[in-house]
Amino acid sequence: MIDFSYTALILLIPLVIFVLSGLFGNRFKPLVSGIIGTAGLFVIWVLSLVTAYQYFFLTEKAADGTFQELLAVNIRWLTFSDKLHIDMGVLLDPISIMMLLVVTTVSFMVHIYSIGYMHGEKGFMRFFSFLSLFSFSMLGLVVATNIFQMYIFWELVGVSSYLLIGFYYTRDSAVAASKKAFIVTRFADLGFLVGILILSYTTGTFDFITLTGDESPAFTSGQGIWFMGLSTMTWSMIFVFIGGAGKSAMFPLHIWLPDAMEGPTPVSALIHAATMVVAGVYLVARLFPIYTTTAPVALDVVMYVGAFSSVFAAIIACTQYDIKRVLAYSTMSQIGMMMFALGVSGDGGHEGLGFMASMFHLFTHAFFKSLLFLAAGAIIHAVHTNVMNEMGGLRKYLPITHATFLIACLSISGIPPLSGFFSKDEILAAGYEKSLLLYWVEMIVSGLTAFYMFRLYYSIFWGKATQYHHTPHEAPKTMTVTLIILAVITLLAGFIPFSHFVSSDRIPFAAHLDLSIALPAVLVGLTGFFVATLFYRKETTIPGQIFNFLGGFSRAAYHKFYIDEFYLFVTKKIIFNYISRPIAWFDRHIVDGAMNGLSYVTNEASFRIRRFQSGQLQQYALVFVSGAIFLTLFFLYLWTH
Amino acid sequence: MSFLTLFIIIPALTVIGILLCKKHMQVKWTAVVGMGLQLILAIGLIFLFLAERRSGNMDEILFIQDNVWYQTLNIHFFIGVDGVSVAMIGLTALVVFAGIFASWDIADLPREFFTSLILLASGVFGFFISLDLFTMFLFYELAVIPMYLLIGIWGSGPRHYSAMKLTLMLMGGSALILLGILGLYFNSAPDGGPLTFDLIQISKIQIPVDAQLFFFPLLFVGFGVLGALFPFHTWSPDGHASAPTAVSMLHAGVLMKLGGYGCYRVAVFLLPEAAHQLGWIFLILATIGVIYGALGAVWQKDLKYINAYSSVSHCALVLFAILIFNETAMNGAIMQMISHGIMTALFFALIGMIYGRTHTRYINEMGGLMKVMPFLAVAYVIAGLASLGLPGFSGFVAEMTIFVGAFQKIGTFYRVATIIAASSIVVTAVYILRVVGILLLGKITNPEYETITDAKWYDKISVVALIFGITLIGLAPLWLSDMITGGLGPIMQKLLAVAPILN
Amino acid sequence: MFEGVPLTWFLITGTIMFFIGIYGFLVRKNLITILMSTELILNSVNINFVAFNKILYPDHLEGMFFTIFIIAVAAAEASVAIAIIINIYRRLVNIDVEKMNEMKY
Amino acid sequence: MQIMRHELLLIVITVILLIVEIFLPNTGKHKIILPAILLMAAVTIIGFIPATPGILFGGMYQSTPFTVLLKNILNLGVLIVFIQSVDWLKQDQNREKVSEYFLLILSTLIGMNFMISSGDFLMFYLGLELATIPIAALAAYERFKEKSAEAGVKLIFTSALSSGILLYGLSMVYGTTGTLYFSDIAPLINGAPLQVLAFIFFFAGMAFKISLVPFHLWTADVYEGAPVNVASYLSVISKGAAVFIFTIILYTVFYKIAELWSEVLYIIIILTITIGNLFAMRQQNLKRFLAFSSIAQAGFILLGIIGQSQLGMTTVVYFVLVYIFSNLGAFGVVSIISNRTGKETMDDYDGLYRTNPNLSLVMMLSLFSLAGIPPLAGFFGKFFLFTAAAEKGYYILVLIALINTIISLYYYLLVIKAMLLNNSDRPIGYFKSDLYTRIGLIMCVIGIVVVGFTSSVYEMIFNLGFGLY
C-alpha cells in the first residue's frame with residue numbers, strides 16, 4: 001500500500017509560493033518570481049504524474065476490481081457539530097487524478113507561456129502570485145475530500161479568477177468584467193451553498209466517500225417529498241447544479257464568461273478554458289452516484305441545460321468577431337456538451353458511457369482549448385488586436401502558431417484521429433442511447449463548432465492580406481514551445497484508453513468506437529469545415545448575405561440574444577433603483593424619523609408647558625392650592641369607593 | 001485574587017499615567033504600552049485557558065474571583081471567564097491595540113482623547129469578565145458614555161447631533177436592561193433565600209415563566225439596541241459616520257458586541273423559556289436586519305455609511321444565530337461577533353486613513369487609489385473579501401457555521417429565514433465590489449490624489465495586526481470554535497431543557 | 001359662655017376663614033393684603049386647634065400651646081415678610097404682586 | 001446634654017459668632033469667615049463622635065443614632081456650602097453682612113436638626129419654620145438686586161401659604177387623634193376621610209419644602225433670584241432635611257395608611273420627574289437649570305420612599321448624601337464662575353474646558369453623577385433607588401423613571417456639550433479660583449468618586465437606620 005501523503009505538497013507548494021511572492025514579491029526582480037512560480041508548478045506537475053502512475057498502475061484495485069478512493073490526507077479544519085465537520089485533505093480517485101493531470105499540465109504550460117507573454121508587463125510579479133493562488137485553489141477543489149472543502153476552494157477559484165480578470169485594474173472594462181464574473185458566480189454559489197445545506201441536513205455528512213458510497217445516507221434518507229413535489233435530494237442536487245452551472249457558464253448564468261476575456265490571454269487559457277470553467281462538470285461528476293440514484297430529475301435538468309447551452313453558445317459563436325469571445329462561446333458550448341453527456345449517462349458499466357465521455361471530453365478539451373487560447377494569445381501578441389476583421393493572411397508570419405492552431409481546430413471539430421474526435425464521438429454515442437432528438441442537436445452543435453472554428457481560422461490566417469503597421473513576428477520561444485507541447489498532447493491524447501481509467505463506477509471497461517455514430521459525426525464536422533472554407537477562405541459576400549437573410553435572428557445572436565441587457569435591467573433598475581434606494585430612504589426617513597420624532601415631541605411638550613411657570617406668585621399659589629385640593633378630593637373618592 | 005482583575009487595573013493605571021503625561025508623544029506611548037500589555041495579557045489568557053481545558057479542567061467558569069461588594073444587596077465583584085468571554089476579550093484587546101495606532105495623529109486634546117478611549121476599553125473588558133449583573137451593567141454604561149465625548153469632540157460632520165443621538169439611544173437601551181436586571185434580581189430566589197445578581201447562580205434556578213415573558217423583551221431589546229437590532233439601529237450610521245477613526249473601530253468592532261454578548265449571556269441564557277416562546281419575533285426582526293442592512297448599504301455613497309449598514313447586517317446575523325438556539329448556530333454567532341469585530345475595525349481604520357489622505361468619504365469623488373496607495377488599497381480589498389465571506393478569512397468560518405447550524409433547525413420557518421439570511425452574501429459581494437471598483441480600481445479621477453502618500457508605519461501596525469487576526473481565524477478556526485463550543489454547554493442545557501427538539 | 005356650641009360650628013368657621021384666606025391670597029394684588037390673608041389662614045388653623053382642644057380633648061393643652069406657638073411664628077414670619085416687602089418697595093416704588101414676574105419660564 | 005449635642009453645639013457656635021460679630025468693625029466683617037468655617041468644621045467632626053441616644057421633653061425630642069447620622073450629613077453639607085461661599089462673601093457688596101449669612105444659615109441648620117429629631121408635631125413645626133423663615137431673608141440677601149428681593153417675596157409667601165395648609169392638616173390630625181406625639185398618633189391613624197385630608201394637606205406642606213410638582217413652582221424663581229450659594233443651600237440642605245423628616249414621619253406616623261400615601265407618591269413621582277425634566281430641558285440660566293434638575297432629583301428620591309423598606313429608607317439617605325456632593329459640586333462651579341465673571345447662562349460656558357479645564361472637569365463629574373453615570377456615586381444611588389422601588393413591584397413606575405433618566409441625561413449632556421464640545425469666540429477667560437473654592441470642590445469630587453465605590457458608607461447607613469422602618 002503506497003503512502004500518498006506526499007500529495008499534500010501539491011496543495012502546499014503553490015500556497016507557499018503565493019504567500020511568499022505576495023508578501024515579498026516586490027523585494028526581488030519580476031522575472032525571478034516568474035521563474036519561482038514556474039518551477040513550483042513544474043514540481044507539482046511531476047508530483048501529479050507520479051501520483052497518477054502510482055495510483056493507476058501500482059495501487060492494487062479493490063476486491064470488485066474498482067479503483068479505490070484513497071484519503072491521502074485528511075485534517076480536521078472546523079467542527080460544526082459531532083456529525084458535521086469540515087476536513088481539509090486530498091482524495092485520490094480516477095477523476096480527481098485525471099483533473100490533477102489536466103490542471104497541473106495546463107497550469108504549467110501557462111506559466112511558461114506567461115513568462116514570455118507577460119514580459120515587461122507592469123505587475124508581472126502580481127500576475128504570477130495570482131496564478132499560483134489560482135493553481136492552489138483549483139487543485140484544492142479537485143482533490144477535495146468533502147463537499148464543503150470543495151465549496152471553500154470553489155470560492156477561492158472564484159476570487160482568483162476575479163483578481164486575474166481584473167488584472168489590468170486601470171481599465172474600466174476589465175474592472176467591470178471581473179466584478180460581473182464574481183457576482184454572477186457568487187450568486188450561483190449561493191445555490192451551491194443551499195444545496196450543501198440541504199444535503200448536509202438530510203444526510204448528516206459532507207464527506208464524499210460516505211455520500212457516494214454504496215450505502216450512502218443520501219440513498220436512504222432524503223427520498224421523501226419535501227417541496228413542490230420533488231424529493232429533498234432532488235432539490236439539493238438541483239441547487240448544487242446551479243452552483244456548477246454558474247462556474248461552468250451554463251445558460252443562463254453564462255454571461256460573465258465572454259466578458260471575462262478582458263483578462264490576460266494566458267488567464268483565459270488557464271481559467272476560462274481548461275480548468276475553472278469545467279469545475280461545474282467535475283462537481284456533477286463528483287456527486288454522480290447521487291444524481292443517478294436519487295435525483296434523476298436533477299440529472300435531466302443537467303442534460304437539458306447542457307444541451308441548450310451548447311447549441312445556444314455555438315450559434316452566438318458564429319456571429320462574434322472578437323477571437324477571444326468566439327473561443328469563449330465555443331468553450332461554453334463544449335462544456336454544454338460535457339454536461340449533456342453527464343445528463344444522458346447512467347451509472348455503471350456501459351451505462352456510464354456518458355460519464356466517461358464527459359470526463360474524456362473534459363480531458364481533451366482542456367488541452368486543445370488552452371492551445372487555442374494560447375495561440376490566440378500569440379496572435380494578439382503579434383498584431384495587437386483581437387478583432388478578426390483586422391487580421392488575415394497571418395500564416396506566413398506566424399508558422400508555428402498557425403500549425404498548432406490548425407491542429408487544435410481540427411481536434412475541436414472532431415476530425416479523426418485527433419483527440420477531440422474520440423471524446424466527442426463518445427458523447428454522441430452516449431446521447432444516441434438516451435434520446436435521438438438531443439443526439440441530433442449535439443450533431444448540429446458539432447457541425448456549428450467546426451464551422452465557426454474554421455471561420456475563425458480562415459479569417460485569421462488566410463483571407464485578405466491585411467497591412468500591419470509593423471510586420472507581425474512569431475512569438476518568443478517560451479510561448480511557441482508551450483504551443484508545440486500542447487499540440488502534441490492534442491494529437492495523441494485521443495489514443496488513451498480512457499475508459500480503462502475513468503468510469504462512473506470506477507470499474508474499467510472497454511468503450512469501443514462505434515462507426516455508426518462516428519461516421520455521421522465526422523461527416524457533420526467536415527461539412528462545417530467545408531462551409532467555412534467556402535465562406536471565409538477568400539473574401540466572399542455570402543456570410544453577409546446569410547446574416548441579412550436571417551435578419552432578426554442573426555442580429556439577436558450577434559447581440560448574444562440580449563441576455564446581458566436583461567441582467568443589466570434587473571440589477572441596475574430593479575434591485576438598485578427600486579429596492580436598495582427605497583430602503584435607504586426608508587431607513588433615513590421612517591425608521592430614523594421615528595427616533596427624531598420622539599425627541600421633537602419631547603421638546604414640543606417642554607415648550608408647551610412653560611406657561612405654568614408664569615412668574616406670577618398668585619398663579620403659583622393657585623396651582624399649589626388646587627393641586628392639594630385635587631389630590632384630596634381624588635383620594636377621598638378613591639378611599640370611599 | 002484572580003489575574004483577570006488586571007484587565008481592569010491596567011486600563012485604570014494607563015489612564016492615570018496618561019493624565020500625568022505632559023507631552024503629546026508621552027501620552028501616545030503610555031497608551032500604547034498600556035494597551036500593548038493588555039493585548040499580551042489577553043493572548044496569555046487565551047493560552048492559559050486552553051491549557052486549563054486541555055489539562056481537563058472542565059469547570060463552567062475559570063479564573064473565578066468573588067468578593068462581596070454591597071453586603072445588603074448581595075452585590076458581588078464576581079469575575080471569571082468561559083470560552084466565549086475569553087474569545088471576546090481577545091477580540092477587544094486586539095481592536096483596542098489597533099485603535100491606538102489608528103488614532104496616532106490625533107492633534108486636538110490628545111490626553112483627553114486617549115483617556116476616554118481607554119475608559120471605554122476598560123468598560124468593555126469589565127463587561128466581558130464580570131459575572132455579576134450589577135457590575136456587568138456598571139461596565140456597560142461605563143463603556144457607552146465616553147462615546148459622547150469621543151464623537152462630540154473629535155468627530156466630524158454633524159458630530160454633536162450624532163453623538164447625542166447615539167448616547168441617548170444606547171442609554172435608552174440600557175434603561176431597559178436595568179429594569180430587566182432588577183426583574184431578574186427580584187426573581188432570583190423564587191423559593192426564599194437571599195436575592196442575588198450572580199449570573200451563574202440565577203442560571204441555576206428556574207425563573208417563573210410569566211416573569212420571564214415580561215423581562216425577556218426588555219433585556220433583549222435593551223441589548224439589541226447596542227447590537228443594532230432592526231429597527232433600533234439608526235444610531236449606527238450617523239454615529240459611525242461622525243465618529244473619529246479609532247472610535248468607529250472600537251464602537252463597531254467591540255461595543256456593538258456588548259449587545260450581542262448581552263443578548264446571549266443574559267437574555268437568552270437566563271430566560272430560556274421566554275426566549276423560546278418569543279424568540280420568533282426577534283428572529284424575524286433579525287432576518288429583516290440582515291438583508292435590510294445589506295441592501296441599504298448598496299445605495300450609500302459615503303464609505304462610513306456603507307460600512308455602518310454592513311455592520312447592521314452582520315450584527316443582525318449575530319442576533320439571528322443566537323435566536324436559532326442550537327449549538328452550532330450559537331457558536332457561529334460568537335465567531336461572527338469576533339470576525340465582524342476585527343473586520344469592521346479594519347474597515348473603519350482603512351476608511352479613516354483614506355479619509356485622512358483624500359479628505360472625502362464620498363466614493364464618487366475618489367478613484368484609482370490602488371495606484372497611489374497600494375498598501376491601503378490592498379488592505380481594503382482584503383477587508384472587503386473578508387467581509388463578503390471569502391474562505392481563508394474569519395467571515396467565512398463564522399457565516400458558514402451560522403448557516404449550517406441554522407439549517408439544522410427543524411421547521412420550514414427557520415429554513416426560509418436561513419436561506420433569506422444566506423442570500424445576503426450575494427448582496428454583500430455586490431456592495432463590496434462596487435466600492436472596491438469605484439474607489440480603488442480604474443484610473444485616478446482626481447489629479448491632486450497623484451501626490452498622496454501611502455500608509456505610515458503606525459497605520460501599518462494597526463492594519464497588519466487586524467489582518468493577522470482575520471486570517472488567523474480564517475485559516476485555523478478549529479481552536480477558536482472548540483474553545484467557544486466548550487463555553488456553550490450550560491446555555492445549551494437550559495435551552496434543551498426548555499424544548500428538547502431544539503437541535 | 002360657649003357651652004353647647006357644637007364643634008362643627010367652630011370647624012365651619014375655621015374652614016370658611018381658611019378659604020377666605022386662600023381666596024385673598026389668590027386675588028389681592030397688594031402684598032400686605034396677601035400677608036394678611038396668610039394670617040387669616042393661620043388663624044383658622046388656630047380656631048381648629050383651640051376648638052378641638054376645648055371640646056374633644058380638654059384634659060391636655062397641646063392644642064392651646066400649638067396655637068400660641070403658631071401665633072408667635074406667624075409674627076416672626078410677618079416681620080420677615082414685611083422687611084422684604086419694604087425692600088421691594090425701595091426697589092420698585094409699588095408693592096403690586098403682579099409686578100414681580102421678572103423671573104419666569 | 002449628650003443627647004442633643006448637635007443642636008447645643010450649633011447654638012453655642014451661633015452665639016459665639018454673634019459675640020464676635022459685635023466686636024468686628026463694619027469694614028472687617030469678613031474676618032468672621034475663617035472662625036465660622038473652623039467652628040463649623042469642628043462641629044462637624046465632633047458630630048461623628050457616637051452620641052448617646054435618648055428622649056427629651058417627654059418625647060418631643062428624640063435622638064437615635066440614625067438622626068445623628070442625618071444631622072452629620074447635613075453638617076457636612078453646610079460646611080461645604082460655607083467653604084464654597086467664601087469667595088462670594090468676600091465681594092464688596094457683601095462687606096457689611098458677611099456675618100448675617102453665617103448666623104442665618106446656622107439658625108436654619110439648628111431648625112433642621114430639631115425638625116429631624118422631633119418627636120411630636122409641635123417640635124416638628126417649630127423646626128420647620130425655623131428652617132424656612134431665615135432662608136427667605138437669605139434669598140433676599142442681595143439687597144440691591146431686584147431679582148433677589150423678588151425671590152425673597154416668592155419664598156416667604158409661598159412658604160407661609162404652605163405652612164398654613166400644613167398646619168390645617170395638622171389640626172385635623174390633632175382633631176382625629178387628640179395628640180401631637182408621633183408615637184401616640186401612629187396607632188390611631190385609620191384612614192378616616194378627615195385623616196386623608198389631613199395627610200394630603202400635610203403632604204402638600206412637605207412637598208413645598210422638597211419642591212415636588214405641583215408644589216414646586218417657587219423653586220426655579222427663588223434659586224435664580226437668590227445668591228448662588230443660598231440657592232445651593234436651598235437645593236441640597238433644606239431639601240435634604242425635609243426629605244429626611246418626611247421619610248421618618250411617613251414611616252413612623254402614617255405607616256398604617258401606607259397604601260394611601262404610596263398611591264399619592266406614585267402620582268407625584270411621575271409628575272415631578274417628568275415635569276421637572278421637561279422644564280430643565282429648556283433652561284439657559286444654569287441656576288434655573290439646576291433648580292429644575294433638583295426638582296427631578298427629588299422625584300427620584302421619592303422612589304426610595306415609596307419602596308417602604310429598610311432598603312428604601314437607607315437608599316433615600318444614601319442618595320441625599322450623594323446628591324449633596326454632586327449638586328454642591330455643580331453649584332460650586334456655577335457660583336465661582338458667576339462670582340468671577342457674572343456669567344450664568346449656558347452659552348457663556350461654551351469652550352469652558354479649553355480655558356478652565358479643572359472647573360469643567362468638576363462640573364462634568366458632578367453632572368454625570370447627577371445623571372447616574374458609573375462609576376460615580378450617583379449611579380449607585382440611582383440604581384439602589386430603582387431597586388427599592390422595584391422591590392415593591394413598581395416596575396412601570398421604574399420604567400417611567402428610567403425613561404426620564406434619558407431626558408435628564410440629555411440636558412446634563414447639554415451643559416457638557418457647551419463646556420467640552422462647543423467652541424466659542426469669546427469664552428470665559430482663565431482665572432485662578434481661590435483656595436476655599438478649590439477645597440470645597442475637591443471635597444465634592446472626593447465624595448462623588450469615593451462614596452460609590454466604598455460600600456461601607458451604604459452599609460453604615462443601613463445598619464444605623466435599622467428598625468426605623
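**Where the chains meet**

Let's start at the contact between chain B and chain A, which takes 40 residues from chain B and 37 residues from chain A; two residues are in contact if their C-beta atoms, placed from the backbone, lie within 7 Å. This is a predicted model, where local features need pLDDT of at least 70, side-chain atom pairs count only at pLDDT 80 or more, and totals for chains, interfaces and linings use all residues. Residues are numbered from 1 along each chain as its sequence is written, while chains are lettered from A and ligands numbered from 1 in the order in which they are written.

On the side of chain B that touches chain A, α17(B) gives the most, with 7 residues. Helices are DSSP runs (H or I, at least four residues), numbered from the N terminus. That side of chain B divides into 24 nonpolar, 13 polar and 3 charged residues. Here Ala, Val, Leu, Ile, Met, Phe, Trp, Tyr, Cys and Pro count as nonpolar, Asp, Glu, Lys and Arg as charged, and the others, Gly among them, as polar.

Now turn to chain D, where 28 residues are in contact with 21 residues of chain A. Here α6(D) gives the most to the side of chain D that touches chain A, with 7 residues. By class, this side of chain D has 22 nonpolar, 3 polar and 3 charged residues.

Finally, look at α4(D), residues 98-116. From its first C-alpha to its last, this helix of 19 residues reaches 28 Å, close to the expected 27 Å (1.5 Å times one less than its number of residues). Helix α4(D) is largely enclosed by the rest of the structure because 16 of its 19 residues are buried (20 or more other C-beta atoms within 10 Å of a residue's own, all placed from the backbone).

Terms used
Helices (H or I, at least four residues) and strands (E, at least two) are DSSP runs, numbered from the N terminus. A residue is buried if 20 or more other C-beta atoms lie within 10 Å of its own, exposed if 12 or fewer, and partly exposed in between; C-beta atoms are placed from the backbone.
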